[in-house]
Amino acid sequence: CTSVGTSGTFGIALDDGTYTVRVEPPHGSTTMSAVSFTATIADGVATASGSAATQSAAGASISVTLGTPNLIGVMQKSGEAAGDGHLGVQSPQDENGDGVADWWNWTSGHHISSNGAFATEVAEGTYKITAEPGWNMSGASPVDGYIDVASDGTVTCDTDYGPGGCTMSSGSVVMSWGTPNFQAVIYNPTTEAGEIDGGLDVERWYQSNGSLATSLENAEWTRWTSWGNGGTTGLVELTLSNGVYNVRTRPGWGTADLAGASFTVVVTSGTVDSCQTTASTPANCPTNSGAYVLPLSTPNFSGTVVQGDFATAAPWSHISVMQWKDSDGDGDINQNECCDHPEWIGGSNARPVSVNNQTVARFGVSLDPGVYELDVHPSWEDTTSIRRKLNLTIAANGSVEACTPAYACASGESGYTLALASANVSGTLTDSDGATVQYSFVDVMVDNDGQSNTGENGYESFVTWADVNASGAFSLYLDAGEN
């Protein structure tokens with residue numbers, strides 16, 4: 001990214017390729033909205049295309065015209081304009097065609113200024129707009145509103161998806177910040193203080209038939225609901241609807257030796273009825289000044305991450321954790337048959353830490369007993385490594401029973417060393433006419449029953465996948481075998 005100077009000029013160096021360039025108006029503007037255009041770089045020469053950009057010739061200066069917002073609004077607290085936050089715009093996805101949104105797809109995000117004002121340009125359609133307070137804005141929680149945009153760009157509040165927090169005043173949307181009913185401090189037991197930039201991930205429990213769980217006894221699966229950031233104090237304030245929740249703490253960016261921990265929160269009649277640990281014998285969450293104190297935990301699987309050369313530290317690589325579920329209810333986990341499957345439960349960033357004057361990439365997670373699949377992803381800056389999949393088993397006593405393949409998950413005095421992969425399979429994706437296919441993906445399946453393209457119960461077992469870049473190229477790593 002790059003900033004725009006006081007005279008409206010900007011500049012950035014891009015490698016050859018095709019890019020989408022998004023230009024944002026100044027924070028707090030209610031007269032301009034963001035626009036995007038396409039920049040194609042060939043032999044170092046830029047060519048711009050799109051209605052927002054004009055250019056006299058390839059390589060010449062690009063002139064960008066910002067848009068005119070039709071969604072203009074203000075956030076209020078206690079009847080007065082108040083802000084400093086983020087506005088997310090989402091569109092409905094109706095998978096079963098019943099006219100009701102099954103889920104909402106993120107469309108765009110925008111800044112809410114310190115005076116509560118926001119403005120953007122949205123196309124015809126129905127949207128959910130979610131306002132999230134800034135990290136250090138106290139006494140406020142996220143709130144949803146629903147809007148309709150007519151073909152002429154006129155915005156009105158939508159009542160079909162209500163209740164929502166949207167009202168109209170002189171053509172502008174007015175929304176009030178939510179009143180928190182759940183306040184929690186993410187506590188760092190090492191510093192004995194609130195965790196700076198610590199956060200919460202909130203999942204709601206559901207019964208097997210899709211209805212809301214009423215207790216852990218009938219809770220079968222969770223769906224991610226919300227999140228919160230503790231800013232400089234570790235305090236998170238949320239408004240939770242009635243239900244049963246799994247609330248998981250998340251360490252801040254600068255903490256490498258602690259992991260998140262889970263808690264069960266029950267909300268009844270708009271009030272938090274209980275907050276307890278998820279231990280076999282649950283304990284009540286402690287409180288301080290009206291807020292629950294939710295500590296980070298000591299990880300039971302930790303160590304460092306290195307690049308595909310098995311030596312160079314890989315800071316800001318990411319470990320995605322998925323737990324295998326016994327979906328067919330036969331009492332065991334079989335990764336090569338229907339319908340046991342891995343379900344994402346969290347992750348950890350490998351943070352740079354200095355050890356003996358050398359930088360290492362340290363990670364840590366706290367996991368319950370079970371079987372897990374780990375996807376270790378390189379950072380954006382790491383152009384030599386690719387994703388590696390590992391298998392992890394946590395024993396009943398909380399210790400690591402196995403991590404395979406062992407050569408890429410080696411146990412040592414400082415924990416486990418996870419190695420990213422180097423590509424041993426690469427290629428280019430084209431269509432039937434030989435034209436390059438961009439930004440697609442390649443799935444790799446393994447034949448488990450000797451019948452190619454059929455597999456157990458009519459499918460092959462999934463192994464891994466690879467992104468296809470702007471040039472149609474992909475790279476991945478595969479263990480020995482036929483795929």
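Is Val100 buried, partly exposed or exposed? Val100 comes out as partly exposed, at a relative accessible area of 46%. Keep in mind that this is a predicted model.

**Val100 and its loop**
- Val100 sits in the loop between β8 (85–93) and β9 (103–112).
- Once residues up to four places away in sequence are set aside, Val100 touches Asp94 and Tyr161.
- Gly139 is 39 residues from Val100 along the chain, and their C-alpha atoms are 33 Å apart.

**Nonpolar cores**
- The largest nonpolar core holds 25 residues, and the ones with the most contacts inside it are Phe301, Val305, Ile319, Leu374, Leu392 and Leu418.
- Strands that each bring at least two residues to this core include β26, β27, β30 (358–365) and β31 (370–377).

**Aromatic pairs**
- Searching the whole structure turns up seven aromatic pairs.
- Trp253 and Trp316 make one that is edge-to-face, with 5.7 Å centre to centre and 65° between the planes.
- Trp253 is in the loop between β21 (243–250) and β22 (262–268), while Trp316 is in the loop between β26 (301–306) and β27 (318–325), so this pair ties together parts 63 residues apart in sequence.
- Trp316 is partly exposed, its relative accessible area being 37%.
- The pair of Phe301 and Tyr416 is tilted, because the planes meet at 45°, with ring centres 5.3 Å apart.
- Phe301 belongs to strand β26 and Tyr416 to strand β35 (residues 415–419), so to speak a link between distant parts of the chain, 115 residues apart.
- Phe301 counts as buried because its relative accessibility is 1%, under the 20% cut-off.
- Tyr416 is buried too, with a relative accessible area of 17%.
- Ring pairs also bring in Phe363, giving a cluster of Phe301, Phe363 and Tyr416.

**Charges over rings**
- Arg387 lies over the face of Trp465, 3.9 Å from the ring centre.
- Arg223 places its charged end over the ring of Tyr206, at 5.2 Å from the centre.

**Disulfides**
- The structure has three disulfides.
- Cys157 and Cys166 are joined with an S to S distance of 1.9 Å, and the link is left-handed, at -70° about the S-S bond.
- Cys166 is buried, at 16% relative accessibility.
- Cys275 and Cys285 are joined at 2.2 Å, S to S, and this link is left-handed at -75°.
- Cys275 lies in strand β23 (residues 271–277) and Cys285 in the loop between β23 and β24 (287–288), so the bond ties parts ten residues apart in sequence.
- Cys275 is buried at 3% relative accessibility, and Cys285 is buried at 8%.
- Cys403 and Cys409 have their sulfur atoms 1.9 Å apart, and both residues are buried.
- The Cys403 and Cys409 disulfide is right-handed, because its torsion about the S-S bond is about 100°.

**Asn349**
- Asn349 is part of strand β28 (residues 341–349) and counts as buried at 19% relative accessibility.
- Leaving out neighbours within four places in sequence, Asn349 is in contact with residues including Trp253, Trp316 and Arg362.

How values were computed
Residues numbered from 1 in each chain as written. Predicted model: local features only at pLDDT ≥ 70, side-chain atom pairs only at ≥ 80, totals over all residues. Heavy atoms only, no water. Helix = DSSP H or I, 4+ residues; strand = E, 2+ residues; numbered from the N terminus. Buried < 20%, exposed > 50% of the residue type's maximum accessible area, 1.4 Å probe, protein only. Contact = heavy atoms within 4.5 Å. Phe/Tyr/Trp six-rings, centres within 6.5 Å; stacked < 30°, edge-to-face > 60°. Lys NZ or Arg CZ within 6 Å of the ring centre and 35° of its normal. Core = buried A, V, L, I, M, F, W, Y, C linked by side-chain atoms within 4.5 Å. Disulfide = S-S within 2.5 Å.
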